Amino acid sequence: MIGTRSTTSSTRCRPESPTSTCSSRCRTTWATSDSRPSCRSSARRCANSSTCSRRPSSRARASTSSPASASSASAAPWWSAASPSTPPTPRSAPRPSQPSGPWSSGPPSSATASTARISISWTSRPSSTRSATTPTDGSSSASRTPSTPRASSRPAATASGPRIGAPTADAAAASVPEPARPRGGTLTDTETREYVAPPLAPDVRDALIAVVGADNALVTDDERDQYRDPYWYQEDRTYDSQLVLFPADTEEVQSIVRLANEHRVPLWTSSQGRNNGYGGPSPRVRGSVLVSLRRMNRVLEINRELAYAVVEPGVRWFDLYDELQATGNDDLMLSIPDLGWGSVIGNSLDNGMTYLPLGADYQAPCGMEVVLADGSLLRTGMGAMPGNKAWHLHKKSLGPTLDHFFTQSNYGIVTRMGIWLMRRPEAFAPLYLSVPRDDQLAQAVDILRELKLEGVIRGVPNLQNTITMAHQFPDELGTFVGMEGPASEDDLDALADRTGIGRWGVRTAVWGDRVVVDHYVQRIRDAWSEIEGSRVDLTQVYTSENWNEMTTFIEQVQAGIPSLDLMDVVPENLGHIGFSPVVPLVGAEVRHVADRIKELVTTQAGSNFVCAIFPINDRACFVVSSVSFDRTDREQWAASFETVKRLVVELGAEGYGEYRAHVDFMDLATDQYSFGDHAYRRFTRTIKDAVDPNGILAPGRHGVWPTAYLGGARP
C-alpha cells in the first residue's frame, strides 16, 4: 500500500544472511550483498531462504535476426544449432608480474591536525599503499549494554595517536594538511590522503543509537563489516566506519544530524549502500558514522494521470516496480539500471544510468526534500512554496534551481524525491546490434550517434565488448572472466565468430506505436548494414498481448522490469573499480580512449579489458571500464587501483574527466578539473562552508572538503 512501510515479515532480516532471498515482503535489510545471490523472487531479501521462489534468469531464446549486410560473417550465430554447446574460453595470457607493493617499504608517515573541536588524524600515502600489519577483526558480536565501549583488536582511530601502520616515533609535528595539489599529470599526484575521525564518546554514541533504537544500529566490528565496500580488500581498514545507523523517517534523520552537528561527528549517508565499484557505503573519512536510509522504504505517492511517483531513499527499483504492479499501475514504466537492488534516489543522486527514454540526461528525478546540516528541512524547486501543486512536475524554480545541487555533493541528505514514469507504449522492440570486429568500433559509434541525433534511437543504449557481454549471454559466453589474465586478440576474434555475438554489441530498443516501431527498426537495420558482417537481432515485438512473455535480461531491462540476473555469471571473489570518463560521441574519440584504457588495464593490472559505452545523450558518452580483480588477492587488487589512478591522471591530462569516482580517488579525479586554478573546487568548497560550517555531512565526497578538514585554510 502506498505510504505504508513494507515490513510484513515478522522475522527481522539480519546482516548474517545478506545474500539470501525469499518470497516474503520483508524490506528491512541491512548488509550489503557482497557475494552472488543464490536465488531471487521479487528480490525480497531476508533470512527465510527456505521459501525462496527464484525469478527466471535471462537466457537466450530463439530470435528473429536479419543480416545487416550482404557480406554477413560466415560464423554461425550464437543461437544456431551449429554453435558449440560450450563456447571456447579465451586463452589467458600470463599475467604480467605484479609489483610486490609498497608494503615491503614500510608504513606510511602520519601526522595529526586539529581545528577547534574537530580533530582529524591524517596520513598522506602513495596510491594503493597499505599496512601489512593491519590486524584482522577479532572482536565479538556478543550482546552487551549499549553504553559499554566495544572491545576490538583493531587500534582505535585517535586524534593524538598514530593511525594503523604509522610510525610511533616522531611523525610530522601536527602539520596541517594542505588541499590536494593542482593537476600535474605525473604519478606522484596519485597519492591518497587519509583522514581519521576521533572515536565517539560513549555518551554521544549512545545518544545516536537511541535515536534509531539498538535493533537498528550496527555497533560491533563484525556487524559493521557487513556494511562496507564488498570490493575493497577486506583486511585493509582504510575506509572503516565506527557506527552504522538505520533511521526510519525524516525526523530521525534530522535528530541524527543535529546530534552530529553539535558534537562535530562526520556522517556518511547512503540509500541502499550498493554503489559497488565506487566504494559502496564506505566513508571517505575513516571512523565516520554511516547513516543508511534502507528503512525509509515507502512509496509515498503514485500519480497515474501525470505519470510520476514520490519515493523515500530506501525504495529500490524492485520496490517501486512491485508497487506499480500491485496498485494497478502496471502500464506505467520505470527507467531502471542493470541491477534492481539499488535505490531509486541513491542511483539518481550519484548520476547512475538508467536505460529507458527518461534515462537520457537524467530526466526522471524532479523535486526533492532535503535535510540540511543544521537539521532543518528544505524542499527544492516548486516545493519551496507550501502546498505547491507542481513540485514533482516542473524541474525549474523561481530563482536558482537546486536539485542538481544535491547530486554527487555533500550539502544535504535527500529524504524524498519525485520520479517521472513513462506510459507503456503500444509496441516495444528490444534489439541487439552486433559489431563483428574490434576495428569497427569507431564506425559503430558514429552510426549510433546519427541514429540518436535523428531521434531513431532514444534512451541510453549500451555498447559493450565481448568480455563484458558474458552478463548478457551467459549460456554462450559462460562465467564472466574480467579478472582473468588478458585474452589474445585471436582468441577474442574466435570467440566472437563462434558465438556470433561479435567483438562489440549494442543493447538498445525502440518504443512507440507499432507503425513507428516497425519504421524505426528498419531505419536501424539500414544504418547498421554499413558495418560489414554485422547483424540486427530482434526476438519479437512486444505489445499488451504478449508483454508478460519477456524472459531474457536484454528484453526486461529495457522494458523497466528489474532483476539481478547479471549476478548469475559473477565469480564469488570478483571485485571491480569503475573508471568512467566522459567522451564526445565521436568514433575516433571513443576509439582512442578505449585503446588507452585497454593498454593500461591489460599490461599494468594484468586483467581482461572490460568496457561498456553509454551514450548518455545524443552528443556524449560514458566509457565505463570495470577494472576487475580477485578481491582476495592483495597484489591484484593493489595493481588494479594503481592502474585506475594512472588512467585518471593520464586521460585527465588529455581532457577526459570522470563522471563519478571511487571513494579512494575522489580527490584525484576532482583534481583534474583545474581550470582557473581550480575555480570549480574553490566554489564548491565555499558553498560547503556556508551550508555545513562544521563539515559533518560526507566530508570529502567528490573532493568537496570543508575548511575544518583543511587545517583552517580557506579553499
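Select Gln-408 and show its side chain, which reaches the backbone oxygen of Tyr-659 at 2.9 Å and the backbone oxygen of Asp-350 at 3.2 Å. Each of these is a polar contact, meaning a pair of N or O atoms within 3.5 Å; within protein, one atom must be able to donate a hydrogen and the other to accept it, and residues adjacent in sequence count only if both atoms are side-chain atoms. Before going further, keep in mind that this is a predicted model, in which local features need pLDDT of at least 70 and side-chain atom pairs count only at pLDDT 80 or more, while totals for chains, interfaces and linings use all residues. Residues are numbered from 1 along each chain as its sequence is written, and side-chain values use heavy atoms, with hydrogens and water left out.

**Around Gln-408**

Gln-408 lies in the loop between β14 (377-379) and β15, and its phi is near 50 degrees, a positive value in a residue other than glycine. Is Gln-408 buried or exposed? Its relative accessibility is 16%, so Gln-408 counts as buried, where buried means under 20% relative accessible area, exposed means over 50%, and partly exposed is in between, with a 1.4 Å probe and protein chains only.

Now select the residues that Gln-408 touches, leaving out those up to four places away in sequence: Leu-349, Asp-350, Asn-351, Tyr-659, Arg-660, Arg-701 and His-702. A contact here means heavy atoms within 4.5 Å. Leu-349 is 59 residues from Gln-408 in sequence, although their C-alpha atoms are 5.9 Å apart in space.

**Helix α4**

Select residues 317-326, which form helix α4, a mostly covered helix with 8 of its 10 residues buried. The buried ones are Trp-317, Phe-318, Asp-319, Leu-320, Tyr-321, Asp-322, Glu-323 and Leu-324. What covers these buried residues? The cover includes β10 (299-303), β11 (308-311), β12 (332-333), α5 (344-349) and β15 (413-420). After α4 comes Gly-328, whose phi is positive, near 75 degrees.

**Helix α11**

Move to Thr-602, which is found in helix α11 (residues 587-605). At 17% relative accessibility, Thr-602 counts as buried.

**Helix α12 and the cores**

Select residues 634-653, helix α12, whose 20 residues reach 29 Å from the first C-alpha to the last, close to the 28 Å expected at 1.5 Å a residue; the expected span is 1.5 Å times one less than the number of residues. Asp-633 caps the N-terminal end of α12, with a side-chain oxygen 3.1 Å from the backbone nitrogen of Glu-635, and α12 is followed by Gly-655, whose phi is positive, near 100 degrees. Because 15 of its 20 residues are buried, α12 is largely enclosed by the rest of the structure.

Next, look for the largest nonpolar core, which has 68 residues, and in which Trp-528, Ile-597, Ile-613 and Val-623 have the most contacts. The helix α12 gives the most to this core, with 8 residues. A second, separate core of 53 residues includes Ala-307, Val-315, Trp-317 and Met-550. A nonpolar core is a set of buried Ala, Val, Leu, Ile, Met, Phe, Trp, Tyr and Cys residues joined through side-chain atoms within 4.5 Å.

The structure holds 0 disulfides.

Finally, zoom out to the whole protein, which has 14 helices and 24 strands and in which buried residues make up 61% of the 715 residues.

Conventions. Helix = DSSP H or I, 4+ residues; strand = E, 2+ residues; numbered from the N terminus. Disulfide = S-S within 2.5 Å.
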